[in-house]
Amino acid sequence: MTKLIVGLAGNPFMGKTTVFNRLTGMRQHVGNWPGKTVERAEGHFKHGSYEYDVIDLPGNYALSAHSMEEIVSRDFIVDDDSDVIINVVDAANLERNLYLTVQMMELGANLVMALNMNDFAKKREHIINIKLMEELLGFPVVEVNAKTGDGFEELLTTVEKQAANPIDSSEKLAYGNDMMGHLMDLQAVIEQDNNLLDVPSVWTAIKLLEKDTIVIEKVQGSSKSSQIFAQVDKVSTHLRDVYKEGPEEVIANARYAFIDGLMAEAVKKPAVEKESTTDKIDKIVTNRLLAPFIFIIIMYAMFQLTFTIGAPFQDMIDEAFCALGAWVASFLGEGLFSSLICDGIIGGVGGVLTFLPIIILMFLFLSILEDCGYLARAAFTLDIVMHKVVGLHGKAFIPMILGFGCGVPAIMATRTMENEGDRMLAMMLVPFMSCTARLPIYGIFIAAFFAKDQGLMLLLIYVLGIVVALIVAAILKRTMFKGLSTPFVMELPTYKVPSVKGILLHTWEKVKGFLRKAGTIILVCSVVLWILQNIFPWGGTDPQMSLLGMIGTVIAPIFAPLGFGTWQAAVAIIAGLAAKEVVVATFGTLAGMEEDDEEGITALVHDTFTPLSAFSFMAFTLLYTPCFAAIGAIKQETNSYKWALTKIEIGRASCRERV
């Protein structure tokens, strides 16, 4: 079979990931680009006699050197052996999307355009002449529907034809006679060095005029560098004299002029644009007065539904593990090995997996909110609060919202922030968000003490994390991270009905990580805890006299001012440093030590805590040191242990403030 390497490129929220999921299904995996912290989604599938490797490139608006995502995308187009780049474009917002398209044309990419969201364009009465657009751009344009799969057969057939006959689309660019004349003068000097011709000379010329640091470093190693830079200075001076603007602005204007000309020729629009459904909804959802209340109502509904729907499934899983434990005990009889399997592994890991339905539902609801377009509105809504209280813009709230799922990808998501100080600060705030690893902890205590107000209590603990994060951010912004934030510019995607397949794939990808953790970290910690609880240095059978009990007894006074100064709570807190789910695994293992084990973990929690100390314990697990994975992610993103250790200190300080 013939192998094709295809990249998917486009602006954020254009349906690129939906196209990727539609093409690859479950045959995909997520990792980092080699040597980079930017996430890489790669999938595989077969079509006819072709075997596809599809790379979902980061969503970008440009291909500058301002962010790691932009650099990764353009490096893939330039350096990797890609056969075709599929440019996913929103048909209803062509002008904005085509700016990235034009820059890929400058790179000489072998392009095929997937024109998505055509139904929205038709509702707005936009009539697109596909054939004329193909002629003006110089490469094929295919109408697709990412949600239904319409047009995908034609898209793949076109990709295969394009791979067999690559086209350098840079030849179709028209930036005006004056600009093109100066670019050609600069290209002539660049083309004297064959080492610079791995990309179209027009790309190098444009990037030199835009003062792209990576391209400048590359040209500095050329034997013709002095002539090239002299020509760059000459052209830059001329452009400033003629246009009264810097070369970067002149080039941007030339790109938009090319786009405007293409739109005027190939697209017809009504004289007066109709107000879209998205605009009508946004008048309410993004209203300055109503938006915060709508956000709280949506979060409360999500939490309430999570517990209401998840509770019966929790009971089923709990009963299954109880039955499994009883069967294993009857088969193995009494003894240490039986205790290890039943109390250590089944009790520890099973205690965490009982909360799998809640975690699945939480990921599911977050995926729905993200895919339908609401999460972007939440960040926009909180921009005012973030600016006034903290000094950060609303873009910093996006990683914080992602932190409701898992802190590690949320920390990685901060890389989209241009200002390095803001990025560092956002990283410090993410661990204050209640990730799904903490959900089992909340689930135990809410079920035991606050059963009548489950949704409200969960909302309260989530809001507590946000409030503490904002307070910490306000302090740090005025001390460690002084300076102005970059302006907040963010795309508000069109509201759409989420793709069922896309949501299920997103949810499974995240749940898979939780299950992997249950089979590794939580399993190992459960076994270690069981070993420690079954070592009695001075004999006896009193759980508190075990090595685990002694360790907890020594540590317990530290937590007494918080209301949970018992050895069981102390052991759970320390164990939770590895992963927050291990707190529940610890209670599950300890429950097997109790003589009265009819209600398992619930009985242990009721015996150890009061409603007040239970809430205090939940708040502490929210605010204290993040798990090792989150600390490792901060270290990886900053390439320094300094910030990871700083986060630990901030967490400790937050807890001391509570005391």
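**Close-up 1. Helix α20, mostly covered.** Helix α20 runs over residues 420–429, and eight of its ten residues are buried, where buried means under 20% relative accessible area, worked out with a 1.4 Å probe on protein chains only. The buried ones are D422, R423, M424, L425, A426, M427, M428 and L429. Helices here are DSSP runs of H or I with at least four residues, numbered from the N terminus. Keep in mind that this is a predicted model, in which local features need pLDDT of at least 70 and side-chain atom pairs count only at pLDDT 80 or more, while totals for chains, interfaces and linings use all residues. Residues are numbered from 1 along each chain as its sequence is written, and side-chain values use heavy atoms, with hydrogens and water left out.

**Close-up 2. Helix α29, end to end.** How far apart are the end C-alpha atoms of α29? They are 19 Å apart, which agrees with the 18 Å that the 13 residues (611–623) should span at 1.5 Å a residue. That expected span is 1.5 Å times one less than the number of residues. Helix α29 is mostly covered too, with ten of its 13 residues buried. Those ten are S613, A614, S616, F617, M618, A619, F620, T621, L622 and L623.

**Close-up 3. Where α5 meets α11.** The axes of helix α5 (residues 130–137) and helix α11 (residues 247–266) come within 9 Å and cross at roughly 150°. That makes α5 roughly antiparallel to α11, a label for angles over 145 degrees. The axes are lines fitted to C-alpha atoms over the stretch in contact, and angles run from 0 to 180 degrees between N-to-C directions. From α5, the contact uses L132, M133, L136 and L137, and from α11 it uses F258, L262, E265 and A266; contact means heavy atoms within 4.5 Å. Seven of these residues are nonpolar, none is polar and one is charged. Nonpolar covers Ala, Val, Leu, Ile, Met, Phe, Trp, Tyr, Cys and Pro, charged covers Asp, Glu, Lys and Arg, and polar covers the others, Gly among them.

**Close-up 4. E106 and the residues it touches.** Is E106 buried or exposed? It counts as buried, because its relative accessibility is 0%. You'll find E106 in helix α3 (residues 94–106). Leaving out residues up to four places away in sequence, E106 touches S170, L173, Y175, P200, V202, W203, I206 and R255.

Methods. Helix = DSSP H or I, 4+ residues; strand = E, 2+ residues; numbered from the N terminus. Parallel < 35°, antiparallel > 145°, perpendicular 65-115°, else oblique. Buried < 20%, exposed > 50% of the residue type's maximum accessible area, 1.4 Å probe, protein only.
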